[in-house]
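Please have a look at the chain on the screen.

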Amino acid sequence: MEIIETIPQMVAWTRHASKNLGLVPTMGALHQGHLSLVERARVENASLAVTIFVNPTQFAESEDLTSYPRDLESDLEALKNAHVDAVFVPKATEIYPSGYDTWVDVGSVSSKLEGEWRTDHFRGVATVVTKLFNIIRPDAAYFGQKDGQQSVVLKQIARDLNLGVDLVICPTIRDENGLALSSRNSYLTAAQQREASVIFRSLVAGREKWESGERQADVIRGSVEQVLRGADLITGIDYISLADSETLNEVDVISGETMLSVAVRIASVQLIDNVVLG
């Protein structure tokens, strides 16, 4: 497994990589959710690259850039065991050199849900992913459904900018209690992580309403909120959304594929999760 730190070295590696080339972009602090993407990409591609880069441009000043979990040595060992061919671990100055001032702004899908309170978050995500695609030129890139809005944003940039990358969105990986795996779960105590399973239970309650034939969005949102309000550890509900899976426009009546998503806070930690209906 090659460990690569500079863009020229990464470009040189990709030129000699076997096709098909798969890519799994990450910010490190790898857990089984990340590794499930790596495992699928390994099966489906002749060559496989993973990136580990904590992207500063997707963090607001009030967010946790400096405290974001990092464990590069453990990450590299896990990727070596998963038979990854190359890991790109650039410094921030490599991706954003002095004078950098070019950004990828995505339209309305980036201004809703997370985008309402994390104003420049998806601009940062779209920019760094576009740069990684241009540097590595993968045939396929793998992301998790847990970050549902991010998946919609990335599909749009791949389509609108003709990036020629097949985006593979993989199922959310959960712990034994149903909590979606996330690097930010490490901010929670073990007890808080167990109790945070209420997030998935709330989504299941909404999904069960839909499976029973309910199509009124307000009724389904209400069933999700009722479960969340019953949990003492939830310190805030940022949103409960029922939105079209492609446009992220909120729906009044469910008639096609719809993403039921929530963002809640436990202490100061925001956790997101979603299920797709239809």
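V129 touches F143, L154 and I157, leaving aside residues up to four places away in sequence; contact here means heavy atoms within 4.5 Å. Before I go on, this is a predicted model, where local features need pLDDT of at least 70 and side-chain atom pairs count only at pLDDT 80 or more, while totals for chains, interfaces and linings use all residues. Residues are numbered from 1 along each chain as its sequence is written, and side-chain values use heavy atoms, with hydrogens and water left out.

V129 is also one of the residues with the most contacts inside the largest nonpolar core, together with M10, W13, F88, F133 and L167. That core has 39 residues. A nonpolar core is a set of buried Ala, Val, Leu, Ile, Met, Phe, Trp, Tyr and Cys residues joined through side-chain atoms within 4.5 Å. Buried means under 20% relative accessible area, exposed over 50%, and partly exposed in between, with a 1.4 Å probe and protein chains only.

Which elements each supply at least two residues of this core? They are α1 (7–16), β2 (21–26), β4 (86–88), α6 (121–136), β5 (140–144), α7 (148–160), β7 (234–244) and β8 (258–266). The largest share, nine residues, comes from α6. Helices (H or I, at least four residues) and strands (E, at least two) are DSSP runs, numbered from the N terminus. Another core lies apart from this one and has 27 residues, among them L203, A231, L260 and I266. In soluble globular proteins, nonpolar side chains tend to be buried together.

Now the charged pairs. A salt bridge is a side-chain nitrogen of Lys or Arg within 4 Å of a carboxyl oxygen of Asp or Glu. By this rule there are ten salt bridges. One joins R118 and E114, at 3.5 Å from N to O. R118 is buried, at 8% relative accessible area, and E114 is buried too, at 4%.

K146 forms a salt bridge with D147, with the closest N and O atoms 3.3 Å apart. Are these two residues buried or partly exposed? K146 is buried, at 14%, while D147 is partly exposed, at 26%.

The side chains of R174 and D273 also meet in a salt bridge, at 2.6 Å from N to O. R174 lies in the loop between β6 (166–170) and α8 (190–195) and D273 in strand β9 (residues 269–277), so the pair ties together parts that are 99 residues apart in sequence. R174 is partly exposed, at 22% relative accessibility, and D273 is buried, at 4%. Elsewhere, D218, R221 and E250 are linked in a network of salt bridges.

On a 1 Å grid over the protein atoms alone, a cavity is a set of points where a 1.4 Å probe fits but cannot get out, and a pocket is an open set with protein on both sides within 12 Å along at least five of seven lines; lining residues have an atom within 4 Å of a point. Grid points are joined across faces, edges and corners, and a volume is the space filled by probe spheres set on the points.

There is one cavity of 30 Å³ or more, and the largest cavity holds about 70 Å³ of space. Its lining has 13 residues, of which G148, Q149, Y239, S261 and I272 lie nearest the centre. The elements giving two or more residues to this lining are α7, β8 and β9.

The second largest pocket has a volume of about 290 Å³. Of the 17 residues that line this pocket, I52, F53, V54, L72 and P90 are the closest to its centre.
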